[in-house]
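Here are a few exercises to work through with the model open beside you. Try each task before you read its solution.

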Amino acid sequence: MSEILEALILGIVQGLTEFLPVSSSGHLEIVKFLFGNNALAEQSLLTSVFLHFATALATILVFRKEVRQILRNLFVKGWNNEKQFSVYIVISMIPASLVGFFMEDFVAQFFNNQITFVAYMLIITGFILLISERIHNTTKPLNSRSAFVIGISQAIAVLPGISRSGTTIGTALLLGIEKSKAARFSFLMVVPLIFGKMAKDLLSGEFMNNAPSMGYLLIGFVSAFIAGVAACTWMIQIVKKSKLSWFAMYCFIVGISILIYSLSTK
């Protein structure tokens with residue numbers, strides 16, 4: 001596979017699946033599986049940093065008004081809705097941060113060509129999406145308790161095949177949070193974690209190992225950013241219209257297909 005095509009595939013897959021409820025990590029594992037373990041699995045930490053930076057910027061662009069308002073009001077005296085929202089984001093980060101700090105090696109083993117595991121997790125994601133779409137009483141406000149519970153869902157979604165956006169939005173809907181607020185919180189809560197992960201990778205000193213060319217990185221970045229903006233905007237509208245079942249069916253089809261194929265080749 002050419003370097004340009006590889007970077008384009010990685011960028012589009014990362015950009016689309018970071019926001020659509022189909023698991024970005026699961027799909028990257030599927031791409032590695034389809035093209036052979038050595039084709040795409042050797043991407044460096046620097047590539048990962050570029051792709052995640054692109055999706056973080058896509059989120060900030062789509063929610064630029066909210067981000068600007070939150071930042072502006074953080075420095076205003078007194079308690080306000082933006083400060084409260086920021087506190088909820090911090091609370092939601094706690095579970096995933098603890099998993100990343102204490103269980104990184106344990107989680108890493110699920111990214112070692114565990115395609116059967118990914119298939120099962122995609123099927124579980126499909127059930128989560130189906131169940132959450134059936135929730136219609138979504139009028140409750142976000143609070144510290146619900147933020148922490150949604151954060152637990154985000155921590156579980158570190159497993160490849162479990163959709164982060166699907167699980168966090170689904171959990172928010174199950175808790176009765178209004179749909180647009182659920183999507184807004186789900187997408188914004190991951191931005192600090194992405195920047196935290198990027199900082200950790202850069203400080204590790206390993207990010208230059210197997211570093212690809214700058215052209216490769218730029219192609220991946222641009223394709224991930226464009227796909228991310230489109231997917232983030234699209235996903236907000238989908239949540240409002242309760243069409244999560246589309247993606248549930250997709251997860252079932254992909255999960256079952258991969259499961260049948262992987263089991264038949266053993």
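**Exercise 1. Find the side chain that makes a polar contact with the side chain of Thr171, then describe the setting of Thr171.**

Step 1. The partner is Ser153: the two side chains make a polar contact at 2.6 Å. A polar contact here is a pair of N or O atoms within 3.5 Å; within protein, one must be able to donate a hydrogen and the other to accept it, and residues adjacent in sequence count only if both atoms are side-chain atoms.

Before going on, note that this is a predicted model, in which local features need pLDDT of at least 70 and side-chain atom pairs count only at pLDDT 80 or more, while totals for chains, interfaces and linings use all residues. Residues are numbered from 1 along each chain as its sequence is written, and side-chain values use heavy atoms, with hydrogens and water left out.

Step 2. Look at the neighbours. Leaving aside residues up to four places away in sequence, Thr171 touches Val149, Ile150 and Ser153 (contact means heavy atoms within 4.5 Å).

Step 3. Helices are DSSP runs of H or I with at least four residues, numbered from the N terminus.

Step 4. Check the cover. Thr171 has a relative accessible area of 12%, so it counts as buried. The cut-offs are under 20% for buried, over 50% for exposed and partly exposed in between, with a 1.4 Å probe and protein chains only.

**Exercise 2. Compare the span of H8 with the expected one, and work out which helices its buried residues pack against.**

Step 1. H8 runs over residues 115–133, which makes 19 residues. From first C-alpha to last, H8 reaches 27 Å, close to the 27 Å expected at 1.5 Å a residue. That expected span is 1.5 Å times one less than the number of residues.

Step 2. Pick out the buried residues of H8, among them Ile115, Thr116, Met121, Gly126 and Glu133.

Step 3. Leu263, found in H13, is 147 residues away in sequence but 7.8 Å away in space. Tyr261, also in H13, is 145 residues from Thr116 along the chain and 9.3 Å from it. Leu263 is partly exposed, because its relative accessibility is 45%, and Tyr261 is partly exposed at 48%.

**Exercise 3. Which helix gives the largest share of the nonpolar surface patch?**

Step 1. List the members: Ile94, Leu98, Phe101, Phe102, Met103, Phe106, Phe148, Ile152 and Ile156, with about 910 Å² of accessible area together.

Step 2. Sort by helix. H6 (81–102) and H9 (144–156) each supply at least two residues, and H6 has the largest share, with four.

Step 3. Take Phe101, in H6, as one of the members. Its relative accessible area is 67%, so Phe101 is exposed.

**Exercise 4. What is the phi of Ser23, and is Ser23 buried or exposed?**

Step 1. Phi is positive, about 75 degrees, although Ser23 is not a glycine.

Step 2. Ser23 sits in the loop between H1 (3–19) and H2.

Step 3. Ser23 counts as buried because its relative accessibility is 1%.

Conventions. Patches are made of residues with over 30% relative accessible area and no salt bridge: like charges are joined within 9 Å, nonpolar side chains (Val, Leu, Ile, Met, Phe, Trp, Tyr) within 5 Å. Accessible areas come from the Shrake-Rupley method with a 1.4 Å probe; for residues, only the protein chains shown count as cover. A salt bridge is a side-chain nitrogen of Lys or Arg within 4 Å of a carboxyl oxygen of Asp or Glu.
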